[in-house]
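Please keep the picture open while I talk.

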Amino acid sequence: MKLAIIGAGMIVKDYLTMVHDLPEIELNAIVGVEQDVPTMTELSNKYGIKKVYTDYDECLNEADIDTVYVALPNFLHYAYAKKGLEAGKNVICEKPFTLKLSEMRDLKQLALDKKLVLVEAITNQYLTNYKELKDSMNKIGDVKLIECNYSQYSHRYDAFKEGKILPAFDPKKGGGALMDINIYNIHFIAGILGKPKSVRYMANIEKNIDTSGMLLLDYGKTKVVCIGSKDTSAKIQTTIQGNEGSIVVNGPTNVLSDFDIDLNDGFSKHVDDKVNDHRMYEEFKKFNQLIADHDMDFVKQQLNHSETVMEIVDDALSSADIKLG
């Protein structure tokens, strides 16, 4: 993979701490706005990124790249991913894919028409622990209840209450608890159960944005609640309850560091099969492989998954009367 990183924020800095473990990925460019130049220059020097750009079109036209990693604020994902695809580049786009289902479907069709790789960077779908968890689900019998709680008080909420609207709480920029933090829970659930029969989002809304909320998903015999909060904190864990036992995921669903299986007959097992300490390692290893192999069957599979997630998001936002963008 010959990569251009689009963005210079926290997620990019986090990604770069891991990328040396994947020497097959060539860091050939980084793109940002003028005010990002000092940061990008520092990152370029530290991690061996070949060239710094402040013009995305220039990068697409002249840089030695085959893939762009869109790691920008949520509301910019669609436009930058689309421009990358139109330029003939593979695209890795940070979560949430887009703000609207229609935008995601537009990108999907464009990528498939041009036979380009387009994937959403959503860590849990690629973690070995997640695969192990899915393989373990049959051990707990019929799954009745699932609760995912990702509640993490944000210091940006303090600024928000004082009237300073940062992107994480800006409806025009695709902010809010559902899109910023509960999206991981949605991916976690959709990857196991697919599309629900019904969706309802009970949100705490301040200044037209959800600062926390409970997403209710009905799968018939399985009832799911996904809690995402940026205005409160609680123990972050996921509990899956079956009639023959339970599985408890310790920590957030985007990390899935380990989980415990406890059965009614007394059997107990702790599972920790992570491949790398960094949550982004396995997804980018897979992305590099599928680009090298041009594995469009896998791309279609993952795009279908992301489309299901965006269908849930659309229904959730509509049910809470939240308008983004």
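Predicted model: local features only at pLDDT ≥ 70, side-chain atom pairs only at ≥ 80, totals over all residues.

Let me begin with strand 5, residues 90-94, which pairs with strand 6 in the parallel sense over four bridges; two strands count as paired if DSSP finds at least two bridges between them, and the elements themselves are DSSP runs numbered from the N terminus, helices being H or I with at least four residues and strands being E with at least two. Residues are numbered from 1 along each chain as its sequence is written, and side-chain values use heavy atoms, with hydrogens and water left out.

Within that pair of strands, Cys-93 stands opposite Glu-120 in strand 6. Helix 9, residues 281-293, packs on this sheet and touches strand 4 (67-70), strand 5 and strand 6, where touching, or contact, means heavy atoms within 4.5 Å. The direction of helix 9 makes about 175° with that of strand 6; for such angles, axes are lines fitted to C-alpha atoms, for helices over the stretch in contact, and the values run from 0 to 180 degrees between N-to-C directions. The whole sheet is open and has six strands in the order 3-2-1-4-5-6, with parallel pairing. Its edge strands are strand 3 (52-53) and strand 6 (118-121), each of which pairs on one side only.

Now to another sheet, which is open as well, with eight strands in the order 8-9-10-7-11-12-13-14 and mixed pairing. Strand 8 (198-206) and strand 14 (268-271) stand at its edges, each with a single partner strand, so one side of each is left without a neighbour in the sheet. From one strand to the next, the twist averages 10°.

Inside this sheet, strand 7 (residues 143-151) pairs with strand 11 (residues 237-242) in the antiparallel sense over six bridges, and Val-143 has Gly-242 of strand 11 as its bridge partner. Gly-242 also stands opposite Gly-245 in strand 12, and a hairpin of two residues joins strand 11 to strand 12. Further along, strand 13 (residues 258-263) and strand 14 run antiparallel and are joined by four bridges, with Asp-260 opposite His-270. Helix 10, residues 296-319, lies across strand 8 and strand 9, running at about 55° to strand 8.

Where does Thr-211 lie? Thr-211 lies in strand 9, and Thr-211 is buried, with a relative accessible area of 0%; buried means under 20% relative accessible area, exposed over 50%, and partly exposed in between, with a 1.4 Å probe and protein chains only. Leaving aside neighbours within four places in sequence, Thr-211 is in contact with several residues, including Tyr-157, Phe-160 and Asn-204.

My last stop is Lys-89, found in the loop between helix 4 (77-86) and strand 5. The side chain of Lys-89 has a polar atom 3.2 Å from the backbone oxygen of Ile-65. Leaving aside neighbours within four places in sequence, Lys-89 is in contact with Leu-60, Ile-65, Asp-66, Val-68, Gly-84 and Leu-116.

Key:
Polar contact = N/O pair within 3.5 Å; in protein donor to acceptor, adjacent residues only side chain to side chain.
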